[in-house]
Amino acid sequence: MKPPRVGIIGIGQSEFKARRDDANYPELVREGVTLALADAKRELKDVDAVVYSLAPDALLGIGNAERLGVDAVGARNKRFMRINTGGATGISSVITGWTHIASGECDVVLVAGADKVGESGDSQTILNKIWDPTYERALPLGTITMLAMSAVRAMHKYGLTEEDMARVTVKNRTNAAKNAKAHLRKVVTMQDVMASRYIAWPIKLLDACPQSSGGAAVVMASEKYIKANKLDAVWVSGVGHCSESYYMGDRMGRKIMADHADAHALARSFERSYEMAGIKNPAKQVHVAELYAPFSNTEYHAIEATGVCKLGGSLVMMREGFFDLGGKIPVNPSGGTLCTNAIAVSALVRAAEVALQVWGRAGEHQVKGARVGIASGNGGDHQFFGTMVIES
Amino acid sequence: MELIKRKESWNIGYDHALGETASYFFAQVRDNAQIYGRRDPKSGRVLVPPRAFSDQTLEPTTDWVKVGPGGRIEAFTKTLPNPPYAFGYVLLDGADTAIGGFFRGIDLSDPAKAAKQLAIGTRVSTRFADERKGSVLDFWFELEGKRGKGGKSGGDTAVGYE
């Protein structure tokens, strides 16, 4: 049986910044909610269920902050569920919103969250705690060092260079300059990136995402509801998830089933969403992509996981401008996670930005004529992946 | 208007039980300066660090296998300049999966030169601290043929970031 069609009817995003001292956490959650409900022309009473997008508690410094945030999403007397798949949290939340509606249980679902990563003293110390205390936590593992090692393997396998990495930052910053919601909007040059200091070789400061604060929300609805209320919508035509095993050291060495250079499980997740959406040839059928990539090097393995080229094939295409705004398939026209990372909602923003693109409402960073878009989120130690296809 | 902030910190102690498999592994590291893996009977893969079960089949692993001390670099990263350190993953001889550890005895002052020395595929040897506490910081890796003497353990706390 084919699940009922699910549409996105409203989108709300803060202007993301390093800090938001004018608003505490629930106030920031409410900001995205208010914008999204207004955009959907709906009121709180119309919402059947709330999916709450919230990554590791310690980034915010509030234990189970959904407890505090429940009021900011108006969830009293409604169905409520918190989702946490690390960096993939936001897209997992939107997909959970889809599930609520596709199951036939709900007609209108609010998916919302916020983050204030800039308030934590040291996000990498917090993220080191996602490694197990038995074998690995004593090492300086964090998301930066973990993905620096992915870059090292991509250098070895495909000839990725530091210049290739810088090229991604230059492209995404150029895009972010056109996006009023983005956090880092200053255009940078190849020289700027190459001259910035190393954080974890080969990742430099300008190859890395910022710690952002802001809220975001989307309102989703069933086709029946959208038609009955004559609402404008874009449509979720495919969703997917896929996971990778725990040990990074198992993604290198002999008899490996996945290489840490690549995003093997992300590719499987995309295959699942393409199958649902009926996409046979993504290189021809996809017009825009918002791919979760918090470090410049990781945009390459994310692109390759979409299936628009083979492993290692994205480097030359990036050099030729294939993924630029104005290129054949623009990747991260919003500037992406590299320019804005409010972790709890970063992957939600990927889906929201794709929705805006296929809706034709992306403003200055609009991809002309985009009708089919894809979004992704990555979480954990390069471990949990979620993907979506959204169409007009 | 004046916007007020509040300082908070989380500092919570834990006393984590490591379980039988990891306890044996760390006792061998501490008492005999020997690294062991566990064999997955179905695939034959030797898992290092050792696990009680296979993540592919969920079947228990069956026997202990001595691995190392030699091995090859599979991944690395390093920070510069303060405090300079390099760490990464090494596939020890006899193992099928790589284990994390620090690299020592490499001049990290020139990023490009250091990266060449730590290139994937480079042979290394495991070195053990004279005084061992039963931690992954009891051992580290040095380029093969550049063996120094045993040294001090890096301690059993996490290394900070910059």
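In the predicted model, 46% of the contacts in chain B between residues at least 6 apart in sequence join residues at least 24 apart. Chain B contains two helices and eight strands, and these elements follow one another along the sequence in the pattern α-β-β-β-β-β-β-α-β-β. Of the 162 residues that make up chain B, 36% count as buried.

The interface between the chains brings 37 residues of chain B into contact with 36 residues of chain A. On the side of chain B that touches chain A, the elements giving two or more residues are the strands β4 (70-79), β5 (85-92) and β6 (99-103), together with the helix α2 (111-117). The largest share of this side, six residues, is supplied by β4(B). By residue class, the side of chain B that touches chain A divides into 22 nonpolar, seven polar and eight charged residues.

The surroundings of Met388(A) can be described individually: when residues up to four places away in sequence are not counted, Met388(A) touches Ile91(A), Val94(A), Ile95(A), Val236(A), Gly238(A), Val239(A), Ser273(A), Ala351(A), Ile374(A) and Ala375(A).

How values were computed:
Residues numbered from 1 in each chain as written. Chains lettered and ligands numbered in written order. Predicted model: local features only at pLDDT ≥ 70, side-chain atom pairs only at ≥ 80, totals over all residues. Contact = placed C-beta atoms within 7 Å. Helix = DSSP H or I, 4+ residues; strand = E, 2+ residues; numbered from the N terminus. Nonpolar A, V, L, I, M, F, W, Y, C, P; charged D, E, K, R; others polar. Buried ≥ 20, exposed ≤ 12 C-beta atoms within 10 Å, placed from the backbone.
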